Amino acid sequence: LASRDFHPENTVITIGDVKIGGGDLVVMGGPCAVESPAQIDEIASLVKAAGGQVLRGGAFKPRTGPYSFQGIGVEGLAMMAEAGKKYGLLTITEVMTPEYVDVCAEYADILQVGTRNMQNFDLLRKLGDSGKPVLLKRGFSATYDEFLNAAEYILAGGNPNVMLCERGIRTFETYTRNTLDLAAIPVLHSLSHLPVIADPSHGTGRRELVEPMTKASVAAGADGLIIEMHTDPDNSMTGDGVQSLFPEQFAALLRDLEKLSPLV
Ligand code: PEP
Ligand code: MN
């Protein structure tokens, strides 16, 4: 079902008045994690002012170590939903387990599957009948075939609204957090009809690389971007402050993108 042979036309996912995969670039921006009502409200206002369409923010965080901040949970979902509604932004949040799909679907417009969960088949099956669009992140060691097979689980469950997200893979290079596989963008477009989103934040792990890799992703044909932005990155509650753009950088980047490809 994910294959272009089966479905030659591009899939366009329509959520409210935002179309993903229809030729206009979609920008999802926001913090790694929802931290407080004031934090997510302020960041939402900045995403909107910069021209973004979707507010990102994790309420459930997949952390490498068990003692790291794990996210604020359901309360965070409510805070983000409120900020999204207030500023007219769609929202996207990560869901980590099948049990939480329903509650995340109640609050968010798009459900994100993290890199560590790309082959959590019970979660993928559950997302197949969640009724919500899904942004599926590529596993950091997944081949294109494994990635498309993971998408296939969601599609086979009856949910046609899947976006593929290239978020960097693990290579021998340690200077960057991951290696953003730019070639994945045209390859996935040729193999599949699903929209392709790039995540230059996790794909590099370094703030100064987000701008060039965003532009490179657009040049490679990305349908959208998911970018971390924080008003106080040095004090963010996850370690992802180092890759988060400052609000001015986020706004400047979106101004540049408008010249490359019109935003929705
Ligand atoms: C995130 O988007 O904050 C995240 C944890 O992403 P990934 O699953 O790509 O590491
Ligand atoms: Mn993050």
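Which residues are exposed on the other side of H9? I looked this up in a model that is predicted, and I found Glu248, Arg255, Asp256 and Lys259 exposed there.

Confidence. For the complex, the predictor gives an ipTM of 0.99 and a pTM of 0.97.

Helix H9. I noted that H9 runs over residues 247-260, which makes 14 residues, and that from first C-alpha to last it reaches 20 Å, close to the 20 Å expected at 1.5 Å a residue. I then listed its buried residues, which are Pro247, Phe250, Leu253, Leu254 and Leu257. Looking down the axis of H9, I see these buried residues fall within an arc of 120 degrees, so they line one face of the helix. An α-helix has 3.6 residues a turn, so residues three or four places apart point the same way. Among the elements covering the buried residues of H9 I recorded strands E3 (26-30) and E10 (224-228), together with helices H1 (37-50) and H8 (207-219).

Helix H6. In H6, residues 184-191, I found Ala184, Ile185, Leu188 and His189 buried. Down the axis of H6 its buried residues fall within an arc of 130 degrees, so they too line one face of their helix. Their cover includes helix H5 (144-156), strand E8 (162-166), strand E9 (196-198) and H8.

Ligand 1. Around ligand 1 I listed Cys32, Gly58, Pro62, Gly114, Thr115, Lys137, Arg167, Asp199 and His202. Sorted by class, this shell holds 2 nonpolar, 4 polar and 3 charged residues.

How values were computed
Residues numbered from 1 in each chain as written. Chains lettered and ligands numbered in written order. Predicted model: local features only at pLDDT ≥ 70, side-chain atom pairs only at ≥ 80, totals over all residues. Helix = DSSP H or I, 4+ residues; strand = E, 2+ residues; numbered from the N terminus. Expected span 1.5 Å × (residues − 1). Buried ≥ 20, exposed ≤ 12 C-beta atoms within 10 Å, placed from the backbone. Arc of directions from axis to C-beta. Contact = placed C-beta atoms within 7 Å. Near = placed C-beta within 6 Å. Nonpolar A, V, L, I, M, F, W, Y, C, P; charged D, E, K, R; others polar.
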